[in-house]
Amino acid sequence: PVPYHLSPTCYTPQADWESSLETISSKTAGMEKPNQKSVAVVGGGLVGALNACYLSTRGFKVDLYEARPDIRTMEVVRGRSINLALSHRGRQALKKVGLEDQVVQDGIPMYARMIHDLDGTLRAIPYGKSDQYIMSVDRRKLNETLLTAAEKKPEVTLHFQHKLIGCDLEKGKLTFNMNSGQEVEVTTDLIMGNDGAYSAIRKHMVKRPRFNYSQEYIPHGYMELTVPPKNEEFQMAINYLHIWPRNEYMMIALPNQDKSFTLTVFMPFDMFDQLKTGEEVLKFFQEKFPDSVPLIGEESLKETYFRLPPLPMVSVKCSPYHVSDKAVIMGDAAHAMVPFYGQGMNCGFEDCLVFDEVLEKFDNDLSKALPEFSMFRSPDAHAICDLAMYNYVEMRKSVNSRWFLMRKRVDSWLHTVMPRVFIPLYTMVSFSRIRYHTVINKARKQDVLVDNSIQALMAVSALGGGYLTAVAVSRHLSLNSITDWLHNIADQVLK
């Protein structure tokens, strides 16, 4: 009998019998070998597709199941479309499976936030050093790239239009409903839940004793609009993440390869609800985001605003991430987060990399690797969920504060003077692989250093900076000695 994972109706429902036979032939090399462990990846999104690449590289037989049709064959893909910001953690995960260059060539670098003040003033706030940037990448394009990469692996078989309807985590059994209405049962060595914030696999874990779970919907929603290209060119500066911060709400814009910008409005649901007509929407934007109206177009704005309702944002925390040696969850299924740090995808990709590192450590022994992954990864996932919440306040409000801007300059200066000792929070999150929970602890200590430094400078100023400078010069106080003094203070504070 033909194994289930080679059944033509399971691989590509749209394909005819002849093309399905070709698919079977091309996958024969990937048939399960003696003692080869099998993995059922539930969810064909970004993390699921990347995990399929990782697991096949480690010698597992991988079957990926996705409830939707193959997005590569669809004209319109429904669901989230918030542009993604690819940073260091995500790039390192892609690099490990040889996909970084391919993905990066389709992205657009963003070196700074471009703040749009109410009066039309533009001001840039760099993300880090001049050579540090995050990348705007298209969600669908990236997902298609990862699915194609997984599909090319001889150990991977893709199954679309397979909706999970039953699950026995302890026995490694899954039941799917196919598009034809047929039900199919699968048994596997490892169930990997990569099925998003509303994960069906996690729902089964929640029923188990001693499984911790919490979710929080924030009172704000989001809605997407578009700034089209003009004369086949971008209408705004390209290499920036544009932000219109208005304290209690905001709008952002990320560049696309087609020279458009995707605008996303974030604000309380009750504010969305108050705008009931096209004229009210236009008036609101003219008052709150005036420079965006000519870019969007008045008629387009009034039409697009009512095309879809504002969507909710949820933050999910849970633990542990595994069930014995039979099941594990990653990505949004384990730690959905609000999008304000741009780390949802990056954290999910880093999950794949961390799990691969754990499998390497334990030589693919799932009984040891799964509990180690849960223990190691959950503190970091909880930490970035908290940081994402914090960064919404920074993006919509703090960037309007002079104190915040001064702090950013002090952070940058301290990092320049002592780069190994002092690393700004954003740099640690977006341009390093320092563990997220370590980032929070280090940032708190650094805040003490910055606050003390500012207070000391204010005290010096109050006592008479000119006199102290003269004394310093008279004693031949060099820049190197000042730097050494700062290092000594930092070492004491950051210990």
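Tutor: Ala, Val, Leu, Ile, Met, Phe, Trp, Tyr, Cys and Pro count as nonpolar, Asp, Glu, Lys and Arg as charged, and the others, Gly among them, as polar. This is a predicted model, in which local features need pLDDT of at least 70, side-chain atom pairs count only at pLDDT 80 or more, and totals for chains, interfaces and linings use all residues. Residues are numbered from 1 along each chain as its sequence is written, and side-chain values use heavy atoms, without hydrogens and water.

Searching the whole structure gives four cavities of 30 Å³ or more (a cavity is a set of points on a 1 Å grid over the protein atoms alone where a 1.4 Å probe fits but cannot get out). The largest cavity has a volume of about 60 Å³, counted as the space filled by probe spheres set on the points, which are joined across faces, edges and corners.

Its lining (residues with an atom within 4 Å of a point) consists of V103, D106, V137, D138, K141, L142 and T145. By class, the lining of the largest cavity holds three nonpolar residues, one polar and three charged. Helix 6, residues 139-151, supplies the largest share of that lining, with three residues (a helix is a DSSP run of H or I, at least four residues, numbered from the N terminus).

For comparison, a helix contact: V354 and F355 of helix 13 are among the residues that meet helix 14, where F373 and F376 are included (contact means heavy atoms within 4.5 Å). The residues of this contact of helix 13 with helix 14 divide into eleven nonpolar, no polar and five charged.

Notes:
On a 1 Å grid over the protein atoms alone, a cavity is a set of points where a 1.4 Å probe fits but cannot get out, and a pocket is an open set with protein on both sides within 12 Å along at least five of seven lines; lining residues have an atom within 4 Å of a point. Helices (H or I, at least four residues) and strands (E, at least two) are DSSP runs, numbered from the N terminus.
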